[in-house]
Amino acid sequence: MAKAVRKSSIISLLGGVVSVALIAACSHTPTDADATETMVAAEPVQTALMTEQDLVATPELWPEITVPDLDPVIEARIDEIMAKMTLEQKVGQVIQADSDSVTPEEVKSYRLGSVLSGGSSAPGDEPFASMDAWLADADAYWHASVDPEGVEIAIPVIWGIDAVHGHANLLGATIFPHNIGLGAANDPDLIEDIARITAEELIVSGHDWTFAPTIATPRDDRWGRTYEGYSENPEIVREYAERIVYGLQGRPDDEDFLGEGRVISSAKHYVGDGGTQDGIDQGETLATEQELIDIHAQGYFTALEAGVQTVMSSFSSWQGVKMHGSHVMLTEVLKDRLGFTGFVVGDWNGHGQVPGCTNTDCPQSLNAGLDMYMAPDSWKGLYESTLQHAKDGNIPMERLDDAVRRVLRVKLAYGIFDKPAPSERPGANDESLMATPEAREIARRAVRESLVLLKNNDNLLPLSTEQTVLVIGDGADSITKAAGGWTLSWQGGGYDNGHFPNGQSILEGIEDALLPGGGTLIFDPTGESDVDADVVIAVYGENPYAEGIGDIRTMDFVPNGFDTSKLEAFQDKGVPVVSVFLSGRPLWVNPELNDSDAFVAAWLPGSEGAGIADVLFQTEPDYDFTGRLSFSWPATAQPSRLNSEDTPYEPLFAYGYGLSYASEATELGELSEDPGLSEDLMGNADPRTLFRRGRPGDRWGALLAFEGAYTTLQPGLTELAGLSISRTDYEIQEDGLVLSWSDPTGVLSIGSFANPVNLNAAGDAALDIVIAAKVPDGGEHVISVSGSCDQNGNCEAVEQITVTGSDWAEYRAPAACLGLTDLTAVQIPAVIGTMDAGTVAVADIRFEPSERDQGCSE
């Protein structure tokens, strides 16, 4: 690499970009329309992990429930099969690999029990795939697994996927509202229909198993998975859980149980994932055992009674013990007390988080009661270590046999031994079963029922179809934003409407409702238009996210993608405003509520945007707002739990609130626009954290830049000028970035331009930038890191860091070598570039006090 030219190269690449306001301070100051959303989280609570022996639970506290009886025919057949299995086959059956990391030949060689496709793992170059592509891989894995070469008996593989709101990794499938909206609908019959349709569309693509339902009871809405929960109220969760299992699997006493058009279900994440402290994903749940039973486990009781075949263990801990390593919870409670006879599957390398374990070595989890490791990219090393532990007696043969028996029990109940290849099964390869008129109508009905009307001053709604309507906001014509995370990719977002051939945007739905009535539609996503309109419909909200990347520190909605301050200008002109708010949780939106005459919580409605127009324009006489809040709505942005039984309980809108057209006139007055945040929350609790857990720190934003052009860093794939950035695993799933340069052009820039940040409030003598990095394919690659760039893109200095090897390691450089001489007012602390084509992965970028004197590279 030619070191001498790096400084000028970075300067030219970044020039002109820093004047863009990436992100506002944490107060509710509207940002530029193109600014990225801040998704920030408090640091994980540092609790001393207890040992399993320290954990005290009382299984007798848990209820006695009735689960379906074992089938003696199946049990006898299991005995016959296991008598023919080798030890190597038994170990293979308790391991699941991701389709991105295992070939059909390896499934055969290692006799693996299952393959999964993670949220962004699909055949081909995209995180989603067509029916034909899915089926081709399904057949390849199945044929490999049943190949009898070298074994007395071959055991078919089962293929799992996250179909959490429809089969959203299948191009053209029906995408239903996320669970938070379905909870507001509070319609169990609807829920069962949605699950049934999801199962039918999974069969089309050759899948056997969905990791659903999520039956968490979210208690802190800062959690990035809140939208995967139905309600803060365990009663709704309890009622829904069994109906979803029935929809996916059928009823245990019916002839079609796990028959044609049905798939294996998985209740997740057992147990307490919705109760973590501060809403931190994969964190610590400090509930008492009785609270665990009364709040977090209610959905499991009905799911088990409904015959759910698998249960997924939670990443989270209870009372200091990781659930993946808890014998008390997995065996003594779930299996012995509650009588669960199916198998427990892990979550994505969750076993590796158990103390004393790694992703490739963890007998503790199997001994605790895990029956199948989810080892997406670690499966081979885990297979080898587990086989050795079984040979050495560290995993008792009785425990391994029990795990294998449970896996076989589910496979036999599903009839996998008697099924043909996936593409030859009834319903497979039948595109006519995707997004059928029935499916789309049920999805549209789900949208209608999920809408919650929070404000309707002067009875503005319903709207007349004879009006001139101006539609604004970045969510109006974006199905990908309306659908949220877990849509086409794990994190969702970034796809145009052409990727949803059987979907309809909210804008299209409004057009279909308005134009036949003689109305006029004007669409301006930025809201810049100065046109005469009778009413404005503004569609905006959160950008897509999933899991921990969606964790936030406060309940403050930070406008992104659309500048909500423009709403006030329309009101000032006398044009009434209807806000359609897209979000995965209730958020503090008092400024937006004040600037709206009507306000609709639309949650994440999915691919049937016409359901919103149905109610806004009341296109049928019985279409009304029937949704009611299944989560309490915050009155301030304070980071705290807000649940209906709390004392004190001071929401803006209480649990169960929701207006209808029949409601008595209810005028919502002017609301306080003081977010109620302390100074540290309005600023930055840890300004030295630049990038962690998959997202920028809470005063920073991230973008790709090249000669004045830029694009904000997305949760999935982001590309600009020869630089593509995808995701990889560091500490948790996809919390690291893979920077791939096809040529040395674009850079990754982390900065805050609205307000400079003080990195040295503690007065340390010197700071180093610390970057965790590796070269994914091995070897070495030199990256260039610069800082202290001014408004014209001029950077004072450039430091070169040589990243070596395919294992994560930390690399340091003095802040002064980046040109950061004044650490009290920093706007762009890190610009990462290269001079040569190549790939490097980075994660956990931060500043720390210098450990030693260190010179700069030449």
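Cys817 has a relative accessibility of 4% and is therefore buried (buried is under 20% relative accessible area, exposed over 50%, partly exposed in between, with a 1.4 Å probe and protein chains only). The model is predicted, with local features needing pLDDT of at least 70 and side-chain atom pairs counting only at pLDDT 80 or more, while totals for chains, interfaces and linings use all residues. Residues are numbered from 1 along each chain as its sequence is written, and side-chain values use heavy atoms, leaving out hydrogens and water.

**Disulfides**

- The structure contains 2 disulfides (a disulfide is a pair of cysteine sulfur atoms within 2.5 Å).
- Cys817 and Cys856 are linked with their sulfur atoms 1.8 Å apart. This pair connects distant parts of the chain, 39 residues apart: Cys817 lies in the loop between strand 29 (809–814) and strand 30 (830–833), and Cys856 in the segment after strand 31 (838–849) (strands, E, at least two residues, and helices, H or I, at least four, are DSSP runs numbered from the N terminus).
- The Cys817–Cys856 disulfide is left-handed because the torsion about its S-S bond is about -85 degrees.
- Cys856 has 46% relative accessibility and so counts as partly exposed.
- Cys357 is joined to Cys362 at an S to S distance of 2.2 Å, and both residues are buried.

- An open sheet of mixed pairing is formed by 6 strands in the order 12-17-16-15-13-14 (two strands pair if DSSP finds at least two bridges between them).
- Strand 12 (452–456) and strand 14 (520–523) are at the edges with a single partner strand each, so one side of each has no neighbour in the sheet.
- Strand 12 runs antiparallel to strand 17 (residues 598–603), joined by 4 bridges, and Val452 is opposite Ala601 in strand 17.
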